[in-house]
Amino acid sequence: MSIAILFASKHGTTEKVASQIATLLEDHKPIILNLKKNPMPDLSAYNTVLIGGSIYAGGIQKRITVLIKENAEVLLQKKIALFLCCMNEKEAENEFNTAYPDWLRSHSVSNKIIGGEYNLDKMNFIEKFLVRKISGTKTSISKIDQTKIVELVKDLNTKP
Ligand SMILES: Cc1cc2nc3c(=O)[nH]c(=O)nc-3n(C[C@H](O)[C@H](O)[C@H](O)COP(=O)(O)O)c2cc1C
């Protein structure tokens, strides 16, 4: 497999997850691509593309939505896996289904909600205020679900 792992991340959690996935796939020498640095990467060199983003105020990063829209035909010719970082467990499934379009979710070999983190050190005043209001937390929290990461990699390695 020639693998590209595309991600968007504001406070570093999705970036961390992308790199954990890359470590588990290291035999395939995956390339990690930060969409903030390169919003429209050339995907022609890869037969497998992983896409990961995170949720803010109910929605995924716009650069993920734009990338998917602009590359729809290309993505349908690749093996795909989708992952999402978010903290609202009750809304996570809805958030996932809103973040990634139907046609891509059904084409994908793996769709995983990975959990997330509140990294208070990386938040501005307003974000800290909002997180405190939403979750009541005054300290950083990490709820990355390692089993979902392992499942995603297993799906990639076993499903055609
Ligand atoms: C201001 C703010 C708003 C958020 N809104 C949501 C939300 O609506 N739903 C949710 O599930 N998680 C929400 N989260 C949690 C993020 O998705 C979580 O922190 C994630 O790990 C961020 O990943 P990133 O650092 O890669 O951007 C929010 C976090 C912040 C800081």
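The buried residues of H1 are Thr13, Thr14, Val17, Ala18 and Ile21 (buried: 20 or more other C-beta atoms within 10 Å of its own; exposed: 12 or fewer; partly exposed: in between; C-beta atoms placed from the backbone). They cover an arc of only 140 degrees around the axis, which puts them on the same side of H1 (the arc is that of directions from the helix axis to the C-beta atoms).

All this comes from a predicted model, where local features need pLDDT of at least 70 and side-chain atom pairs count only at pLDDT 80 or more, while totals for chains, interfaces and linings use all residues. Residues are numbered from 1 along each chain as its sequence is written.

Helix H7 (residues 146–158) tells its own story. Its buried residues are Leu152, Val153 and Leu156. They cover an arc of only 95 degrees around the axis, which puts them on the same side of H7. The face turned away from that buried side carries exposed Thr147, Lys154 and Thr158.

As for the ligand, Thr14, Ser54, Cys86, Asn88 and Gly116 come nearest out of the 25 residues around it (near: C-beta atom, placed from the backbone, within 6 Å). H1 (13–24) and strand E3 (48–56) are among the elements that each supply at least two residues of this shell.

Conventions:
Helix = DSSP H or I, 4+ residues; strand = E, 2+ residues; numbered from the N terminus.
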